[in-house]
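The structure is shown first.

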Amino acid sequence: MRAGLRDFAGLSSSYYWLWVGNILSSFGDAAVLIMLSWFLVDTVTMKGALGIALMTMGICRVVLMLVGGIASDRYNRRTIMFLSLIARGAVLFLFSLVILVCDPSWYPAAAFVMAGLFGAVDAFFWPASGAIVPSLVAKDQLGAANSLLSISQQISIVGGPLIASVLLGHVSFPVMFAVNASMFALGSLFIFAIRIKPVSPGRRDEAPKPAGFIRELMDGAKYMISIRILFLLSLLSLLINFMLNGPLNVGLPVLIKQLNWDGSMFANMEGVLGAGAVAGGIIVGLSKGFRGRLHLLAWFVVVMGGSLTALGFMQQAYHGFVVMAILGMMLTMIDVPFNTYAQTVVETHMLGRFISLNRLMGLGLSPLSYFLASFLLDHQIATPAIVLAIGGASVAFMGICLYFTRDFRRIEQHPAWRQKEVSVS
């Protein structure tokens, strides 16, 4: 445990600027999702509006994620992150002006446009954010660095909903979105303060000269497929997010509405999810990213699926809080070790493309998941409980299948991973 705390203390000042910038960026992302969801549920009578908005945001994010990954390999990653934060703040500020001065009949169209633009500029931030980490910390600090970054994102899932909950109860929607825009503007200042050190000789890879977009995209895809375990985990992420995102992000607010709870309760539920994720991030950091025990990730997936199923049977608030906390812990305890593993075995000049492709596979079916969940609920084909139960059972089944997959059981035998283990010990 003391070794884990020393790893946190030894991180560079530029890394901590990145950490704070990520917190504010994630604060804004978490808050805007809640604000937009409740804005559409509360003010728009159009059936399926929430599902369409989330689908639009997801499609734009997915389409441009690949461009963001290639850009992060070609250009200054700090600049990409800075511009993404500025652009997200501008989109939200303009949206707040639109809903302030326009007739409510314009709300659905304005929300769809805002969601699309927000998803598009957001797509550039996360590949650059993930790829910049090895340039700021030593190789043996990646586990601690990724744990803190994950904690920053999960702190935002506590703080973002908390801010949304307070704003939902006290100010109008235009003011809420304007306040959210200010988080991105503030975050851009911290990202601007980052100073990237030259890559150490032991970490430098011989990067080829930039090729065309399609060529670079194909090279990235071939590279991902060549590392079988990373391709397997990315494919699993695609399927898990398909069964998770729609039920959780569309089914949960509808269930809360059916239970006659308000938007603050929805925000509080999301906040507890983040609190659980923070706890999970601390556990991962202090346990060195479960090195030597990565097979546990499969069972974390099983628990995550069971938690999603249990959420559908919620009748009391405390039930939902407990389940959301467990779900948040599992999300972090799966995500952080995988990110550390990928940053260890993937070559530096391919890292941006790999992260974008991995996020693409993780988010690729999310728009369809939002649409299907919204369709099933709006046409009363299934209740929120059934949607959550089906999604959770499917996720749990995937975790069981993962555990018995040969490539997964050999995950820690990759030469780069074993080499790191030797150097650390």
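Q: What makes up the lining of the second largest cavity?
A: Leu33, Ile34, Ser37, Asn249, Phe266 and Glu270 line the second largest cavity. A cavity is a set of points, on a 1 Å grid over the protein atoms alone, where a 1.4 Å probe fits but cannot get out, and lining residues have an atom within 4 Å of a point. The model is predicted: local features need pLDDT of at least 70, side-chain atom pairs count only at pLDDT 80 or more, and totals for chains, interfaces and linings use all residues. Residues are numbered from 1 along each chain as its sequence is written, and side-chain values use heavy atoms, with hydrogens and water left out.

Q: How many cavities of 30 Å³ or more are counted by this rule?
A: The count is two.

Q: How do the lining residues of the second largest cavity divide into nonpolar, polar and charged?
A: Three are nonpolar, two polar and one charged. Here Ala, Val, Leu, Ile, Met, Phe, Trp, Tyr, Cys and Pro count as nonpolar, Asp, Glu, Lys and Arg as charged, and the others, Gly among them, as polar.

Q: Why is Met114 called buried?
A: Buried means under 20% relative accessible area, exposed over 50%, and partly exposed in between (1.4 Å probe, protein chains only). Met114 has a relative accessible area of 3%, so the residue is buried. Met114 is placed in helix H5 (residues 107–132). Of the 425 residues of the protein, 56% count as buried.

Q: Which residues have the most contacts inside the largest nonpolar core?
A: Tyr15, Leu18, Met114, Phe177 and Leu230 do, in a core of 120 residues. H2 supplies the largest share of this core, 13 residues. A nonpolar core is a set of buried Ala, Val, Leu, Ile, Met, Phe, Trp, Tyr and Cys residues joined through side-chain atoms within 4.5 Å.

Q: Is Leu248 buried or exposed, and why?
A: The relative accessible area of Leu248 is 6%, and therefore Leu248 is buried. Leu248 belongs to helix H9 (residues 228–258). Its contacts beyond four places in sequence are Pro253, Leu308, Leu311, Met324, Leu327 and Leu388.

Q: Why is Asn260 called exposed?
A: Asn260 has a relative accessible area of 70%, so Asn260 is exposed. The residue sits in the loop between H9 and H10.

Q: Why does Gln380 count as exposed?
A: Gln380 counts as exposed because its relative accessibility is 72%. Gln380 lies in the loop between helix H14 (366–378) and helix H15 (384–403).

Notes: On a 1 Å grid over the protein atoms alone, a cavity is a set of points where a 1.4 Å probe fits but cannot get out, and a pocket is an open set with protein on both sides within 12 Å along at least five of seven lines; lining residues have an atom within 4 Å of a point. Grid points are joined across faces, edges and corners, and a volume is the space filled by probe spheres set on the points. Helices (H or I, at least four residues) and strands (E, at least two) are DSSP runs, numbered from the N terminus. Contact means heavy atoms within 4.5 Å.
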